[in-house]
Amino acid sequence: MFRLPEDYFAQAGGRMMALARDLYPICRSITGNGVRETLDIVKQRIPLEIVEVPTGTPVLDWEVPNEWNIRDAHISNSKGERVVDFNKSNLHVVGYSAPIDAEMTLDELSPHLHTLPDHPDWIPYRTGYFSDTWGFCLRENVRQSLSSGERYRAVIDATLQPGHLTYGELVIGGQTDQEVLLSAHTCHPSLANDNLSGIGLLVEIAELLARHQEKLRYTYRLLFAPGTIGAITWLAQNEDKLDRMASGLVVSCVGDGGGPLYKRSRRGDGLIDQAMGHVLAHSGIESASVKDFWPYGYDERQYCSPGFNLPVGLFQRSQYGEFPQYHTSADDLDFIAAEHLAVSLDLVLQALGIVETSCAFLNTSPKGEPQLGRRGLYNAIGGQNDSAELQLAILWVLNLSDGEHSLLDIAERAGIPYERVQRVATLLEDAELLERPG
Ligand code: ZN
């Protein structure tokens with residue numbers, strides 16, 4: 001489907017890493033200038049439409065929250081030395097913390113401190129959305145160095161005020177108005193795999209789809225939105241479009257070397273479910289797996305809520321929550337790699353290629369096997385080094401092309417990689433042995 005130069009994936013891996021490096025320092029949350037800054041950088045690559053939804057807007061069972069912006073934060077000792085400094089890591093502040101500037105004892109400060117005793121050098125990532133509280137995340141080693149005789153000053157210079165929720169959307173129109181939704185979350189601060197890897201992957205896909213736009217069967221809608229509340233806001237504002245949603249994929253944690261893992265949509269019968277399952281089964285990656293839907297995770301939870309029940313799955317490398325670096329400062333730029341991002345991109349593009357091209361053909365000569373030699377088909381495949389496999393694929397495609405079986409159905413039933421089935425279908429169509437049903 002996507003004809004790509006040989007070095008495409010190596011180059012794309014490098015670009016995804018470069019974008020992650022650019023976005024990494026930004027302090028993002030579910031609202032605020034960090035998300036805007038992030039989307040502005042993405043917009044330098046793809047023509048995103050930036051949507052701003054005012055605080056207080058009712059969205060499904062929720063409401064768009066106050067906007068959170070932070071300028072500075074620290075815990076300082078009585079000498080004025082910053083023992084915890086937001087400028088060194090934006091993970092140091094609990095996301096959505098209420099502003100504070102107060103002196104207190106360690107006992108008073110302690111309920112507001114979060115550490116990871118098992119990983120004393122890592123800073124945890126915590127958020128406090130929808131709760132009027134504040135807190136700091138720090139290394140357990142630093143926590144241990146604080147003394148009970150000391151008075152500390154806790155400062156969070158932040159605002160939590162009516163503003164907007166910001167998301168980015170890009171629509172790439174295809175030949176039909178049936179849509180494929182691709183979605184990544186944009187609300188995590190300096191975390192690389194959980195957040196930035198997905199953004200980078202969607203940017204690459206957007207550029208590729210735009211280059212192949214004249215050939216696209218589906219219309220693609222790419223969504224860069226804060227987790228949960230962003231997807232809920234988008235769904236609330238786009239309910240009229242949902243009956244056109246033919247397939248969808250949420251991507252997150254796609255830059256590490258684990259998995260890959262595909263989590264099926266709630267309904268489990270979407271073309272994307274079948275396509276991703278097929279791609280992973282034929283990927284040659286031993287640790288590849290497919291799991292049934294469960295109602296926790298990323299924004300597939302919203303797309304697959306019972307009132308929508310969209311065929312939207314989740315693609316990951318390591319499963320969220322299952323790798324030790326998850327939601328810690330160790331999910332940094334060293335945790336992801338260009339080669340892993342490239343593999344993730346390849347797998348997702350293969351699945352989208354199937355979604356784009358799989359259809360049910362009709363064998364125009366279904367009584368007895370048609371004579372292939374007379375139509376030059378043996379010559380067409382004879383020179384190729386997998387000619388025996390191609391010949392078998394031809395027989396499968398001819399036999400099952402009764403208008404009921406899609407090319408993907410045939411690949412699955414025959415246990416043949418889709419790419420081969422599609423290649424011979426093109427040959428058979430050219431030889432007028434296959435036609436697309438009216
Ligand atoms: Zn997360």
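How many residues of domain 1 are in contact with residues of domain 3? In this predicted model, 7 residues of domain 1 touch 10 residues of domain 3, with contact taken as heavy atoms within 4.5 Å. Residue numbers start from 1 along each chain as its sequence is written. Because the model is predicted, local features need pLDDT of at least 70 and side-chain atom pairs count only at pLDDT 80 or more, while totals for chains, interfaces and linings use all residues; side-chain values use heavy atoms, with hydrogens and water left out.

Now for the layout. Interface size is often quoted as the accessible area lost when the parts come together. Here domain 1 and domain 3 bury about 700 Å² between them, and 57% of that is on carbon and sulfur atoms. Buried area here is the accessible area (1.4 Å probe) that two parts lose on being put together, summed over both. On the domain 1 side, Gln-274, His-278 and Thr-357 supply 66% of the area buried against domain 3, more than any other three residues.

Helix H7 (271-281) and H9 are the elements that give two or more residues to the side of domain 1 that touches domain 3. The largest share of that side, 4 residues, comes from H7. Helices (H or I, at least four residues) and strands (E, at least two) are DSSP runs, numbered from the N terminus.

Next comes the metal. The zinc ion has His-188 (NE2), Asp-194 (OD) and His-327 (NE2) as its protein donors, at 2.0 to 2.1 Å. Donors are N, O and S atoms within 2.8 Å of the metal (3.2 Å for Na, K and Ca); water is not among the atoms, so sites may look incomplete. Along the chain the donors of the zinc ion are spaced H-x5-D-x132-H. Asp-194 lies in helix H5 (residues 192-211) and His-327 in the loop between strand E16 (312-316) and helix H9 (338-357), so the pair ties together parts that are 133 residues apart in sequence. Asp-194 is buried, at a relative accessible area of 0%; buried means under 20% relative accessible area, exposed over 50%, and partly exposed in between (1.4 Å probe, protein chains only).

Side chains of opposite charge can pair when their charged atoms come close. The count for this model comes to 19 salt bridges. One of them joins Arg-36 to Glu-67, with the closest N and O atoms 2.9 Å apart. Since Arg-36 lies in helix H2 (residues 33-43) and Glu-67 in strand E4 (residues 67-76), the pair ties together parts that are 31 residues apart in sequence. Both Arg-36 and Glu-67 are buried. Glu-207 pairs with Arg-45 in another salt bridge, the closest N and O atoms again being 2.9 Å apart. Glu-207 is in helix H5 and Arg-45 in the loop between H2 and strand E1 (49-54), so this pair ties together parts that are 162 residues apart in sequence. Arg-45 is partly exposed, with a relative accessible area of 27%. Arg-82 and Asp-85 also meet through their side chains in a salt bridge (3.0 Å, N to O). Of these two, Arg-82 is partly exposed at 34% relative accessible area, whereas Asp-85 counts as buried at 11%. Salt bridges with shared partners join Arg-15, Arg-45, Glu-204 and Glu-207 into one network.

Notes:
A salt bridge is a side-chain nitrogen of Lys or Arg within 4 Å of a carboxyl oxygen of Asp or Glu.
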